[in-house]
Amino acid sequence: MVNAPQPLRRSILAAYRAGILLYPAEFRQCHADELARCAHDMLGEQGSYLRIAWRLLEDLLRSALKEHLEMSLSRIPQLAILLTLTTFVAGTGYLISQQVLRMSASDPQIQLSEDGAQRLSAGEIAAEIIPQRKVDMSSSLAPFVIVYDDSGKPIASSADLNGLIPSPPHGVFDFVRANRQETVTWQPRPGVRIASVVTRCANGFVVAGRNMREIEAREFRVLKLAAAGWLAVNVVLTVLWLLTPIFGNVRSSRLRTRA
């Protein structure tokens, strides 16, 4: 066999130099010239240029993969920190949004409950402070008012559930006796969640509430948006993390090598 013709040797060397770009940037800065010289020397040997080119390609792919794996393993803590930060930001954003939605769900009930308690304390009867419209707690989004006596027994209501007037847990009334008011997420039956406000009055309690169906639907949409943003950012960060060793800052690598 004879040496590879000069044009073919130059083509193989040019292709090999281009293939060196597969190595991590820092590795290229230290070893690119040495690799190119080794390839040049191999092509100067006697033998089939196709076989030599295949050996160069095989060695290039195997060693580039090895270098990337070793560098990736050493950089895993960096990726873990980045993913932890994005998880914290996305989780915090969702939690803040969810709490804002939940607190805003009780805005009209605060006014209805406090006004009702003031009117009862001023001497009005329970039937006079109850809205005229009847509300089905399981389906309607309209606010409602229920008045309970001091023992927690309902005495007037603008809402019902399956024809009955449900009562919050008695622990809620005990808490309100000592603290005057409480905001409660009330579940009178499975699948029915009520954003309610309980206010103490002279001879009992005034509960104002409304179904949380729409609020919970909004919370779920916020959760999906937060999850989609978290996933998109993490995918981009992971791709950049994988590509950085290949397309790293050449100038920075040179400065670190010289130092």
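## Helix and sheet

Helix α4 (residues 107–121) lies across β2 (144–149), β5, β6 and β7, and runs at about 35° to β6. Helices (H or I, at least four residues) and strands (E, at least two) are DSSP runs, numbered from the N terminus. Axes are lines fitted to C-alpha atoms, for helices over the stretch in contact (heavy atoms within 4.5 Å), and angles run from 0 to 180 degrees between N-to-C directions.

The model is predicted: local features need pLDDT of at least 70, side-chain atom pairs count only at pLDDT 80 or more, and totals for chains, interfaces and linings use all residues. Residues are numbered from 1 along each chain as its sequence is written, and side-chain values use heavy atoms, leaving out hydrogens and water.

## Strand order

Five strands form an open sheet in the order β3-β2-β7-β6-β5, with antiparallel pairing; two strands pair if DSSP finds at least two bridges between them. At the edges are β3 (154–157) and β5 (181–189), each pairing on one side only. Neighbouring strands of this sheet are turned by 25° against each other on average, direction ignored.

Strand β6 (residues 192–201) runs antiparallel to β7, and eight bridges join them. T199 has V206 in β7 as its bridge partner.

## Residue N211

N211 is in strand β7 (residues 204–211). N211 counts as buried because its relative accessibility is 9%; buried means under 20% relative accessible area, exposed over 50%, partly exposed in between (1.4 Å probe, protein chains only).

A polar atom of the N211 side chain lies 2.7 Å from the backbone nitrogen of R213, and a polar atom of that side chain lies 3.5 Å from the backbone oxygen of S138. Leaving aside neighbours within four places in sequence, N211 is in contact with residues including S138, L141, V192 and I194.

Methods. A polar contact is a pair of N or O atoms within 3.5 Å; within protein, one must be able to donate a hydrogen and the other to accept it, and residues adjacent in sequence count only if both atoms are side-chain atoms.
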